[in-house]
Amino acid sequence: MDQNTKIEIRDLNVFAGKTQILKNINIDIPKNKITVILGPSGCGKTTLLKCLNRLTDLYPELKVSGQILIDGNNILEAKEDIYKLRQQMGLLSQRPYPLPMTIYNNIAYALKLRGIKNRREIHKLVMHYLQQASLWEEIRTRLREPASRLSIGQQQRLCLARGLAVNPEIILADEPTSALDPISSQFIEETFGSLKNDYTIVLVTHVLRQAKRIADNVVFMYLGEVIEQGSVEEVFGNPKMEKTKLYLGGTFN
Amino acid sequence: MIISLLLVAFLPFLLFIGLYLKSVLLLHDYSLGDLIFSKVWRPSSGKFGFAPFIIGSIWVTVVSMLITAPICLLTAIYVTQYTKKYFLRIMHPAIDILAGIPSVVYGLWGILVIVPFISRYLGPWLGIQTMGYSILAASFVLSIMIIPFVLNILIEIFRAIPTELKEAALSLGATQWQTIKHVLLRKALPGIIAAFGFGLARAFGETMAVLMVVGNVVRLPKSVFDPGYTLPALIANNYGEMLSIPKYDSALMFAALLLLAVSLFFNLVMHFFIVRYNKY
């Protein structure tokens, strides 16, 4: 296996009853890069992301087969510690879902799950992660307020900070800007750009321009299949497959 | 439309004023404190002490809520978080049927099953002499009656919590139980309080089933195995009879006024808690 590959997906199939949601997925996701999974709505992008941190376990109707290797370990077989495994990945969903607690406790809860009990350390880390998500300056005086009082863009950055607080190696983002205004979206994108030195980022989106702006690698999916994958220059500059050309040309979505 | 709206909005006040005017005769002769705290109920000699009824009502309500609350909460969590979906599809009709049974049927069932069970088995087993007609019997019957209502609300509340919130907590490495305890329960708290408040109000006001099994003995119950008497039962048993006794109908109106006041109080307290916990 390539030294720089963080996640290897091999022959991944997902069935919901008789419908096949993902068909024979094979993807290599490189380390410390932003890999964008691109495709129209309903093509299985979100399901793929949920496979990566085993949130598919929540849906007993889904049958998952194949291999997902993270640093060489097949996480689909891992029976022992799904909780540790999920802590290797920070998740950012389509809309922000802050926990029903104060702003401070949203981060502190993630830290406590990591096993950090020292209050001073928690305090320091809460500040650190809020800074990393470029939220600290705006809310430093409001830490004890309920998280739901933040604007939606701030909530999404809080969720990012919370995801980082589990000290992951991978960040999974599922259309994280689709509910946000342009300025908040830009904030998130810029943060991703600075985070990729330390994290491997997998971002799902259907927005072409966003993919173009921030992607290093692109995986184009359509109806549960990977149509094309490669560096952003290859896929956008010189698409090989007909469907990719059509999608990039905006003729279908 | 506005008229009907006003009517609905002012109906409680009209009821309140009406009951007050009817019971003013009693309030004129006795102080409020005397009426509420006095234990002696002898209408024929002009003694109207409501304490046995108030205490009886509180006993029955509290004990039935102690049975109902944990059962409903745990069942709702189990059904919505741990079982497969078809389980809920089977359970829903069963719950709805339970909720639709007339209270007099529950009362009858209480007389035939619960009362003998307490007098023959539970009482002797605990070494307590009881005739079965008791606070406990009423609380059992009441619990069975209000569980379907409270459970239905709780299930809806837990189902209304977005899956994504659950996923967010799980993605941080929380176990399922941690997610339920720290995130889902807190999210659902206003709804849980509202559901329990609703159950409480129903338990407090329930008349028929309680009247049939509570024993209807006017005295302060010392344990749950003692018989008691509740405010709604007092009104239902006596209104229309013995109205020749002076101030008797006025006393029954006062009982109704108390009931209304307590329900209003429950509502206000509930509202306070819901607002208090709804900020998250």
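Predicted model: local features only at pLDDT ≥ 70, side-chain atom pairs only at ≥ 80, totals over all residues.
Visitor: Why is A:Leu180 called buried?

Guide: A residue is buried if 20 or more other C-beta atoms lie within 10 Å of its own. A:Leu180 has 21 such atoms within 10 Å, so A:Leu180 counts as buried.

Visitor: Where is A:Leu180 found, and which residues does A:Leu180 touch?

Guide: A:Leu180 is found in the loop between β7 (170-174) and α7 (182-195) of chain A. Leaving aside residues up to four places away in sequence, A:Leu180 touches A:Ile152, A:Gly153, A:Gln156, A:Ser185 and A:Ile188. From A:Leu180 to A:Arg157 it is 23 residues in sequence and 11 Å in space, C-alpha to C-alpha.

Visitor: What makes B:Gln129 exposed?

Guide: B:Gln129 has 8 C-beta neighbours inside 10 Å, so B:Gln129 counts as exposed. B:Gln129 lies in the loop between α5 (103-126) and α6 (135-160) of chain B. B:Gln129 and B:Leu264 are 135 residues apart in sequence, and their C-alpha atoms are 37 Å apart in space.

Visitor: How many bridges join β3(A) to β9(A)?

Guide: Strand β3 (residues 34-38) of chain A has 4 bridges to β9(A), and the two strands run parallel. A:Leu38 stands opposite A:Phe220 in β9(A).

Visitor: What makes β7(A) largely enclosed, and which strands does β7(A) pair with?

Guide: In β7(A), 4 of the 5 residues are buried, so this strand is largely enclosed by the rest of the structure. Strand β6 (residues 89-92) of chain A pairs with β7(A) in the parallel sense over 4 bridges, and A:Gly90 stands opposite A:Ile171 in β7(A). Strand β8 (residues 200-205) of chain A is joined to β7(A) by 5 bridges, also running parallel. A:Asp174 has A:Val204 in β8(A) as its bridge partner. The chain crosses from β7(A) through α7(A) to β8(A), and this β-α-β crossover is right-handed.

Visitor: How many helices and strands does chain B have?

Guide: Chain B has 11 helices and 2 strands. From the N terminus on, the elements run α-α-β-β-α-α-α-α-α-α-α-α-α. The C-alpha trace of chain B spans about 70 × 55 × 30 Å along its principal axes. Of the 280 residues in chain B, 35% are buried.

Visitor: Why are α8(B) and α11(B) called roughly antiparallel?

Guide: Angles over 145 degrees count as roughly antiparallel. α8(B) and helix α11 (residues 248-277) of chain B pack at an angle of about 175 degrees, with their axes 9 Å apart. The two helices are therefore roughly antiparallel to each other. Among the residues that meet are B:Leu189, B:Ile193 and B:Phe204 in α8(B) and B:Leu259, B:Phe266 and B:Tyr277 in α11(B). The residues of this contact divide into 14 nonpolar, 3 polar and no charged.

Visitor: How many residues of each chain take part in the contact of chain B with chain A?

Guide: The contact takes 19 residues from chain B and 21 residues from chain A. On the side of chain B that touches chain A, α7 (163-171) and α8 (176-205) each supply at least two residues. The largest share of that side, 7 residues, comes from α7(B). By class, that side of chain B has 9 nonpolar, 4 polar and 6 charged residues.

Note on methods:
Residues numbered from 1 in each chain as written. Chains lettered and ligands numbered in written order. Pairing = 2+ DSSP bridges. Buried ≥ 20, exposed ≤ 12 C-beta atoms within 10 Å, placed from the backbone. Contact = placed C-beta atoms within 7 Å. Nonpolar A, V, L, I, M, F, W, Y, C, P; charged D, E, K, R; others polar. Right-handed = clockwise from strand over helix to strand, strands pointing away. Axes fitted to C-alpha atoms, helices over the stretch in contact; angles between N-to-C directions. Parallel < 35°, antiparallel > 145°, perpendicular 65-115°, else oblique.
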